[in-house]
Amino acid sequence: MNCQECHDCIDAYVDNELDVAATILVKQHLRDCVRCQQLLEARKAVGALLANPQVRFEVPDSLLGKIQSVLPASRSDVKQRSGSRFVIPWFSIPLALAAAIAVMLGLVFLNQGGMINHSRGNALAQDVIASHVRSLLATHLLDVPSTDQHTVKPWFDGKLKFSPPVRDFADQGFRLIGGRLDYINGREVAALVYQRRLHIINLFIWPLESGRTTAAESFATNGYNVLHWERDGFAFWAVSDVSAGDLTAFAGLEMQQS
Ligand SMILES: [Zn+2]
């Protein structure tokens, strides 16, 4: 088992949903892989958080009825199975349910057609947050400190097999302060570093086989805001402790064609 495969089934492992053979493979990989051990610890921390009654809410009967009316029949018996009060943690709402709630609340669900597999997206978001935190804790925020995109972009040449798009948004309040090489999900990636007032935004970039463009998908966890989108054959992951609104504005700037 490699790290990618381990990432893909770590949630099922934590929830004891894997068969014996897969469980043994995960255990063997975890024994030898510090990075995946860290991922496991992060997942367990989320599980502990979900056990906290403060992150749960009771679904009113009126809302539950509306949800059930838009779900496939196999899901419409959730209430019967779970007793008279239907209590779910915010963070573990199944995707279909979350989408149904969002539609009914009149929200625009950001991603249309480009949504990556959500559990895989969550695993990547955890990786992205871990790299962001590491970059701030260690003395390794910048390999190439520069506010000049024409210095930062060529710096990656020869260090990566791709040339990431590099732009400065200082005029809009997001100043490019440099870049570095980083490592996400078993691959080398470009990390661009932006400053928003006193906050740091890490923007991780790597190439994709698909050349599609997707709207930003949000993964907010552990006090960080994470946005993911795809554009022109690249995956972008922005992470920061800036407000969700600020990070969305930043993503909007990046997504505009240069
Ligand atoms: Zn691993």
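Good morning, colleagues. The model is a predicted one, in which local features need pLDDT of at least 70 and side-chain atom pairs count only at pLDDT 80 or more, while totals for chains, interfaces and linings use all residues. Residues are numbered from 1 along each chain as its sequence is written, and side-chain values use heavy atoms, with hydrogens and water left out.

I begin with the chain as a whole. It contains nine helices and nine strands; these are DSSP runs numbered from the N terminus, helices being H or I with at least four residues and strands E with at least two. Of its 258 residues, 42% are buried, that is, under 20% relative accessible area with a 1.4 Å probe, protein chains only.

I turn now to strand β5, residues 187-196. Seven of its ten residues are buried, so β5 is largely enclosed by the rest of the structure.

What joins β4 to β5? Nine bridges do, and the two strands run antiparallel; strands are said to pair if DSSP finds at least two bridges between them. Strand β4 covers residues 175-184, and its neighbour β5 supplies alanine 190 as the bridge partner of leucine 181. Two residues lie between the strands of this hairpin, where asparagine 185 takes a positive phi near 55°.

Strand β6, residues 199-207, also pairs with β5 in the antiparallel sense, over seven bridges. Here valine 193 has asparagine 202 in β6 as its bridge partner. The hairpin of β5 and β6 likewise has two residues between the strands, and arginine 197 in the turn shows a positive phi of about 50°.

Thank you for your attention.

Notes: Buried means under 20% relative accessible area, exposed over 50%, partly exposed in between (1.4 Å probe, protein chains only).
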